[in-house]
Amino acid sequence: MTAFLLGRAVWSASVVWLVATAVFVIYFAVPRDAARLVAGSRASAQTLALVRARLGLDRPLVSQYVAFLGRLRRGDLGESFLTQERVTTIIARDAAVSGSLALGGVVLWLALGIGAGVAAARRPTSRAARTLEAAALACYSMPPFLIGQLLLFFLFFRLSRAGLDLFPPGSYVAFTDDPWRWAHFLVLPWVSVALVTAATYSRLTKSVLLETLQENYIRAARAKGVSESRIVYGHALRASLAPVMNQLGADVGGLVGGLVVIEVVFGLPGLGREAVQALSTQDLPVIMGIAIVSALFVVTANFAVDVAHVLIDPRLRTN
Amino acid sequence: MRMDRTTFAACATIAVIVLVAALAPVMAAVTGHGATQQFLDIGLSASGVPVPPNHTFLFGTDGLGRDVLVRIAYGSRVSVTVGLLASALAVLFGALVGIAAAWAGGMVDAVLSRTMDAFLAFPFIVLALALVAVIGSSLAVSIIVIASFSWASVARVVRSQVLSIREHEYVLAARAIGANHVRIMVVTILPNVAPTLIVYTTLLIPGAIVTEATLSFLGLSVTPPAPSWGNMLADAMRYYRVAWWLVLFPAGAVVVTTLACNVVGDRVRDAFDPRRGSTERTGLRTAA
Amino acid sequence: MTETIRRRHTKAAVALSALVALSCSDGGRQASPAPAASPRRGGTLEIVALSDVDHLATSSAYIAMSLWLLRTFTRQLVSYPPVADSAAKLLPAGDLASEIPTRDNGGISPDGRVYTFHLRAGVRWNTEPPRDVTAADVARGLKMVCNPVSPAGAADYYTRTILGMATYCERFSRVPGTPAAIEQFVASTTIDGIRTPDDRTVVFTLTAPAADFLNLLAMPFASPMPIEYLRYVPDGPEFRQRTISNGPYQLRRYIQNREMVFERNPTWNATSDPIRPAYVDRVRVRLGVDEQLQQLQVQAGTADIAADIAPSSTASALLESGDPSIWLSPGDDVYGVFDTLLFNRISPNSQRFFDRKDVRRAISMAVDRSALAQVSGGPRVARALHQAVPSFVSGFVPERRKGTGPADHGDPIAARRLLEKEGVPRGTRLRLAYPLFEIGSLMAQVLQSNFEHAGLEVELRPLLLSEFYGRLLADDDNARRGEWDLLLSPWLSDWFGRANGRSVFGPMFYRRRLNTGMQNYGHYENPAVDAAIDRALLAPTEDDAQREWQKTAALLMDDVAQVPLLERKVPYGRSRRVRNCSWTVLGFNCDLTAVWLAGASPANGS
């Protein structure tokens, strides 16, 4: 088991390295002039040369890559081209926001998804279940930015005009400063994140439950007189844990991308929005830093899911 | 296979969409409005505000006075193409890699699996923007970008499926008698993996369409003036407060297509193996 | 000069010549409400913005938003007063200087080459303890324009006017970029053309008379700099956390890409500042909010001022319905931005077509400017442009038209005929590149349709801003390879007035040399135009400058150097409680030091 986990750890590290190299290649191997953006389009050739030297862009590609890897190993992600602030500082600041958004979003979509799935499984043909399923699918088929904008328009703007300032966007208050306001500003974004993904979980839960509820041991339990709720919530739900976690592992990868859109729409100062702004100014160290950190995040999350799997399902331990 | 009403409706919807895509020029001819034709006199106010649905423009106009109905029809071509090609590419490539990894095992498997994980961990946005920056935005780039970030999950699933099939008695037996590897793969693996692939294709299509919309939202996809549901929706985000029809119709098209594809996908999966159901996707249940 | 709205919102105040103001009677109604009530002090002004400032140091800050915010805590020798009348607004008034130097009061020498400024009393830096702003601070500020770490993008404004500045900057650029080396260099060297005979007098000597010198000094580049700044890397993170103010506000908190908070500066006193009334107590800027959300917030009341241009789609509808939350800048009959098409004169296609004047003329004829104006927001917002420069740049010949005329619709059929006569086959493909901005996308598609009617097939190449400037235009080889044939771009002027040709003509049309500071991306070359520009730059008075620039403009139009399209106002959003929102010359948006909030009470924060 330790060997397995160690192996996975090494694996994860190499994945992050692959990602880092890929991003480097994409951004540095293409002839572009980041210096020009930093110096401004009116800058003279002299100024450009100065800026280029200061940013280290005039060195050969390979030496830049080597320097980049060296810094990476030390945990140094470099400095922003535009503000010279350390990239690690920027990321640490933004990670709290993205993390809050992700956490709340995941919790909410699990709650919504599993709840809806259970309801649908218990009464699959009821009108309520059908409508819920259709609504979930509709949300799933809408692009995230659309859901976000609609929520913003109806629940923030319209209500504000009517005098109810319920869901103000565009701010972030740290949890440590004021938990209520932290949640207040995040409610709409959480709902957006959740609505987009909940459908997958409701369908997954529903189908697994439906299947499990047919199993022999469930029938036996029913015959023994165990209450329906206990059957569903106690036994059957446990069976759906594995596929749900697997799906979660897969979704975590997509989460990083999905958060970008929500952060942009709601003006939340997280990693996704930082990345978009860095891309629009070609602030390469920030782009690279965020790409590496998000890869790290995905890989760690997958690792955690793997560990959880092994802990939950003893059958896998001998693998 | 008995078809219930929902499935029938879903198939009919898909048929209609394909028909609309095929007959887009006919719609343009009938209405007399081209997809990129700008009607600045009757389709736009003096300050550039679009016109709501009326007799001349059944679905209203957009920010350049173009007929939304005709653009939705032409947009279906792009969306259908992107959906089909991107998911087909992803599934094909994913299947190949998954099968190769599982069958070859050892070092090959390790390397391929690592590549899969790298692709899954890669921040999609960065890749998309970088590619577009280098190649320029176009339909082809969108397809490549979408395919490149979907193939890995297909590969993962196929790999785990093949891994379990590989241990089945009949496969072991076939290998024992020294049957040709390729023959074994074709005869035993493909039929088992095919349902998964088909299901994945139908499920990836709507995902591809929605992703294309997100790419358009960030400014990277089909170059204007060509319409796609995605870029119509992205543009609509600027107008939604003054022109609800610009949101309703493309969003409706996307939602309807997605729903239909999902329903059909579900039915196909059920048809192939009503018992195993969703565990196909996890691939984690060992053949017990 | 050129830059997209997003990057470089013009800060320059454009003084529309009085003549134009009089002749153009279709005065756009300025939605700024005439304050019936008297200003109230107090309150917190909430601003929402998309991007952070490009630079916080005055030596290098160049985009509109940066200059707009800098007005709260930096002062210059001369600045633009917060008056409502556009003509008066554009005339620099004494800020740190006790009065504007003129030939009459002896502040300007008879030959127009020496400017003497006397600093006002009572202006202090908010250091511990506070101390006076001195002439040495002014000199230091100008020296730092060429610092090797974060130099001014438009240093040429000063290197070409102030005596000895060019050599100074050349030497400075070779100094290592460490604070110690910079401090040493600045302390031990002087610029010949800047003398400080005593603590309160600054004397400038110019290489030649310059009609726009006061405007150049009104730009934040020329702000004085306290000696403490030399301890830090210019515009570095340390500096940004330790800014020193001589204005009504000071920067209390700055989290990059997230937030800026300005609070009252206790060492500032209103009697020494005739330019900034400063009513609000606090200004809070939230960064990273996109334009759509900015507009929603401003209308819902959770923010007061939107820093970025309002999305034109929403703006048009709101303007049509007369909603007070949208207002157009600049006011009166002043326009702030103009759009043109540049020809690529060094590509393969150029030898085939663009080198011939009639082909260029045909392309210009095919454009439907009234359609362009319509999709940009209509007559309230945009106006067709038929001259080399827009109405707010010197060299514009006042027109007597009202509304749209037949010339505005273009004539694609005549264009087609002319093209055929010139041997340009039907279906010739041209590439039109443009940076992604909302109106740009709409305009590009209209142009595509126009050219289609004239028998030309246009391929659109939209690019992200960073790609547009950072890649496509950064390398001349791209132009040589023909990666673009036509370039659609919005342009601005760094200041307004009757002598602002320097800011536009030179950058756009002067022949490109090794100096990449030119924005003549298409490599237009015309020795006659170069000579005309040289002459105009040496014009001693505003009237002379105006005449020379007009001659230059005529040459450009005659040669069809580019295709002028539109001049535009830009819409901004503001909330119901904002009063006295007067457009600033630097930054276009409401003057932060002149707004007040209805219902505010002093010293309560809120």
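I call a residue buried if 20 or more other C-beta atoms lie within 10 Å of its own, exposed if 12 or fewer, and partly exposed in between, with C-beta atoms placed from the backbone. This is a predicted model, where local features need pLDDT of at least 70, side-chain atom pairs count only at pLDDT 80 or more, and totals for chains, interfaces and linings use all residues. Residues are numbered from 1 along each chain as its sequence is written, and chains are lettered from A and ligands numbered from 1 in the order in which they are written.

Positive phi. I found Ala278(C), not a glycine, at a positive phi of about 55°. Ala278(C) counts as buried because it has 22 C-beta neighbours inside 10 Å. Its loop runs between β10 (259-264) and β11 (282-287) of chain C; I take helices (H or I, at least four residues) and strands (E, at least two) as DSSP runs, numbered from the N terminus. Val560(C), also not a glycine, has a positive phi of about 45°. I located Val560(C) in the loop between α21 (542-558) and β19 (562-568) of chain C. With 20 other C-beta atoms within 10 Å, Val560(C) is buried.

Cis peptides. I noted a cis bond between Glu128(C) and Pro129(C), omega about -5°. Pro129(C) sits in the loop between β5 (124-125) and β6 (131-132) of chain C. Ser329(C) to Pro330(C) is cis too, with omega near -10°.

Chain contact. I read 29 residues of chain C in contact with 20 residues of chain B, contact being C-beta atoms, placed from the backbone, within 7 Å. The largest share of the chain C side, 7 residues, comes from α16(C).

Methods. Contact = placed C-beta atoms within 7 Å.
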